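Subject: Structure handover

Dear colleague,

I am passing the structure on to you with this email, and my notes on it come directly after.

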Amino acid sequence: MMPKPSAKERILDAYQDILIEHGVGAITLEAVAARAEVSKGGLLYHFGSKEALLQGLIDRVGHLGVTDLETARAAPEGVVRYYLRSSVTDVTQDKAMHRTTLAAMRLIGNEDAVDEAMRAYTRNWHALLTEHVGDPVLADFVGVTGDGLYLRAMLGEDTSHLLDDFIEILARLGI
């Protein structure tokens, strides 16, 4: 049995959920506290303001991003295949990184700190892909392929056949 998330984690989860489901305009301290099932005082104890909630999301992006990259490095199928598969399965299995990414995407263009956190995550993936394929242009190709799979999966499209095709193409390229 999984332990119940801490109040701080529940508050961040609630913040993410509201961003994903209703957008930035629906974010109030009261709404986040109600969704997290904590008092407003409890929310303010952990996050003293909306800006602190935003920073909590940015910190979560950073932490989950590091964890994702570490998982990729250790993946038995290799970094490239892990990246492409997770571009589809994180969406369909509603993984933590996917939820955090969706919430952050609702803020892109409106919050410079979120923009930079997402750019840093993308740069880190590019560096890891380049390290494993040995060519930055090929790493870009893999990256945008994964981005396309991710977008289509977010839209509800079954991309499993495309994933298999792309992995076959990479195998032909010796990757």
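Predicted model: local features only at pLDDT ≥ 70, side-chain atom pairs only at ≥ 80, totals over all residues.

Residues are numbered from 1 along each chain as its sequence is written, and side-chain values use heavy atoms, with hydrogens and water left out.

The structure holds 11 salt bridges (a side-chain nitrogen of Lys or Arg within 4 Å of a carboxyl oxygen of Asp or Glu). One of them joins Arg35 to Asp17, with the closest N and O atoms 3.6 Å apart; since Arg35 lies in helix α2 (residues 29-36) and Asp17 in helix α1, this pair ties together parts that are 18 residues apart in sequence. Helices here are DSSP runs (H or I, at least four residues), numbered from the N terminus. Arg35 also forms a salt bridge with Glu21, where the closest N and O atoms are 2.9 Å apart. Asp17 counts as buried at 18% relative accessibility, whereas Arg35 is partly exposed at 36% (buried means under 20% relative accessible area, exposed over 50%, partly exposed in between, with a 1.4 Å probe and protein chains only).

Helix α1 (residues 7-22) packs against helix α6 (residues 96-105) at an angle of about 60°, their axes being 8 Å apart (axes are lines fitted to C-alpha atoms, for helices over the stretch in contact, and angles run from 0 to 180 degrees between N-to-C directions).

Regards

Terms used
Helix = DSSP H or I, 4+ residues; strand = E, 2+ residues; numbered from the N terminus.
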